[in-house]
Amino acid sequence: MAVNFRFGKEKIILVIIGGIILVIMGMLCFFREDMVFKDSPRGTYSTLPADTSTEDPLAYLNEDFTVRDGFTSNLPLVIVSLDSELPDYKGKNAAQALELDIEPYTTGDIRIIDNESGLNSPYDKSSYESYIKIKQRGHSSYYYNKKQYKIKTLNADGSDNDTSILGMGAGSEWVINGSMADKSMMRNYISYRLASEMGGNNFGFDSRYCELLFEDEGRLTYQGVFLLMETIDRGEDRVNIDEYDPDNTYSSYIVRRDRYSKYDIMLNTYGRENGFVEGRDGQEKDGWIGLKYPSASKVTDETIKYIENDFSNIEKVIYSEDEKVFRNYKNYIDVDSFVDYFLLNEFMGNYDAGTHSTFMYKNSGDVLSIGPVWDFDQALDNNKTQESETDTLAFQTEPLFKELCQDKQFVRKLRSRYTKLRRNILSEENVYDLIDEAAAYLKSAQKREWYRWADEYTVETESHYNLYILSPYVSDGFRLNRLNDDYGQELVVIKYYLHKHGAAIAKELEGVYNKAEIDTASSGVRPLLFLMVIALFLVPSYLIMRRD
């Protein structure tokens, strides 16, 4: 009897151990996909060296902002000369931008000074020179007193000059971005750098700080601190998709959800035509899908029709009220890119994305990805009309994400990815270090920038369309002054928001998860695998127990 009892006891222990293994394998069958996130290439950004200058930053700036001999900067200098005045190609009517029937570009030259020593004078030998076409750019920012620009680099014969600038990916289109809305001068830079670390060039493109000077008949006029940036376009070092071939029906493409523009091809897609995408504040011009690549000058009508239908077919699945149809969305989109896009924009409080400045791309024969990220002017508590709430989420209300967040599996992936990112790329320590690094690099340039735009940055006046004035508020007994005459206080606003909001996201994702009504993890082949595991375990266990 003793022998039989011990033999039976050992069997029971084996059954218990097998049961534990069964549970673990079952969980892996259901949730394996949630725990896997594809590795992405690292970005191309490098550490910004601190500005060690002890000289007065304003010593060589005149009252009219022209520069005197002796002007130097630790930032690269971008010097632009124009052949004629920049056209004003946008009017304004009832607070809406109107695109006038005017050619937006003029021509000119660009030269860049970027010495290995890190000390740059406008009279030094250029490290880069090119003919250019240049225009003013932006939507609301088009009307700010500090302008920003898009340039196309050209060869002498007028063809595209596809080259690398300041170590960035080769191309012929660039943006000189210096939004007056961001007094910190780092909301965009930090966001693009983090995005690049998260997902490489297809998620966060390259950008470089510079100081911009306009040259006119030998006189140099200081314009301020800018980011020279890659544009979102196809290329090996940009959005790496196949080059357009008009003979290939299944073309690769890049689209952008934004306002209606007569300069882009507007697509009639399923989501907007059926009321799933609405403009902000009822604006009819919001939420359109515009074709960015292939360009309007090269794309055929057949290709436009294909892209229109292809994007609409993806929308039909995601917006479908039929659960069986919706469950197939993972066959149509790169879920990982949508997870990262949600998390970075939510982390930075960039709620202009989703409806505006939202790029998506699809390689021929592949699924739809979202990115690269774009335009963080209003992020990090920089909304013009109200302070940003730190303890709530909002990105789950944006087009496409509203539907995706109905799936518990998608939200589980958000939670898992965010937990990992908070240990490294989006950790408070890492992001604070990037902010401090950028501030040390901009030490002298920041003072010149604020001197150049002092009226817009520090003078309290009634808000109007050409200024970006933000009101202060009190949170947790702590007064946050968003109309700062102190640069350090501007960085306090950013760090405070990141501290509060970054900590709240994980908790708030639990609420999003609890509200999700569908779980696509419980469909398809994985439940069958789970049943097979049960059968493989229970049948032998039953036979063993029966022999007792």
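Reader: Which residues does Asp206 touch, not counting residues up to four places away in sequence?
Author: Leaving those neighbours out, Asp206 touches Thr44, Tyr45, Met168, Gly169, Asn201, Met229 and Glu230, where contact means heavy atoms within 4.5 Å. Please keep in mind that this is a predicted model, in which local features need pLDDT of at least 70, side-chain atom pairs count only at pLDDT 80 or more, and totals for chains, interfaces and linings use all residues. Residues are numbered from 1 along each chain as its sequence is written, and side-chain values use heavy atoms, leaving out hydrogens and water.

Reader: Is Asp206 buried or exposed?
Author: Asp206 is buried, with a relative accessible area of 2%; buried means under 20%, exposed over 50% and partly exposed in between, using a 1.4 Å probe and protein chains only. Asp206 sits in the loop between helix H2 (187-199) and S8, with helices (H or I, at least four residues) and strands (E, at least two) taken as DSSP runs numbered from the N terminus.

Reader: And in which order do the strands of the barrel come?
Author: The barrel closes from seven strands in the order S1-S4-S5-S6-S7-S9-S8, with mixed pairing, and two strands count as paired if DSSP finds at least two bridges between them. On average, neighbouring strands of this sheet are turned by 40° against each other, direction ignored; the axes are lines fitted to C-alpha atoms, for helices over the stretch in contact, and angles run from 0 to 180 degrees between N-to-C directions.

Reader: How many bridges hold S5 and S6 as a pair?
Author: Six bridges do, with S5 (residues 128-136) and S6 (residues 149-154) paired in the antiparallel sense, and Lys133 stands opposite Lys152 in S6. Helix H10 (residues 443-452) lies across S8 (207-216) and S9 (219-230), running at about 115° to S9.

Reader: What about the largest nonpolar core, how many residues has it?
Author: It has 105 residues, and those with the most contacts inside it are Met186, Tyr209, Leu344, Met348 and Phe410. Such a core is a set of buried Ala, Val, Leu, Ile, Met, Phe, Trp, Tyr and Cys residues joined through side-chain atoms within 4.5 Å. Helix H12 (residues 487-515) gives the most to this core, with nine residues. Apart from it lies another core of 20 residues, among them Val80, Ile134, Phe214 and Phe226.

Reader: Last one: how many helices and strands are there in the chain?
Author: The chain has 13 helices and 16 strands, and buried residues make up 54% of its 548 residues.
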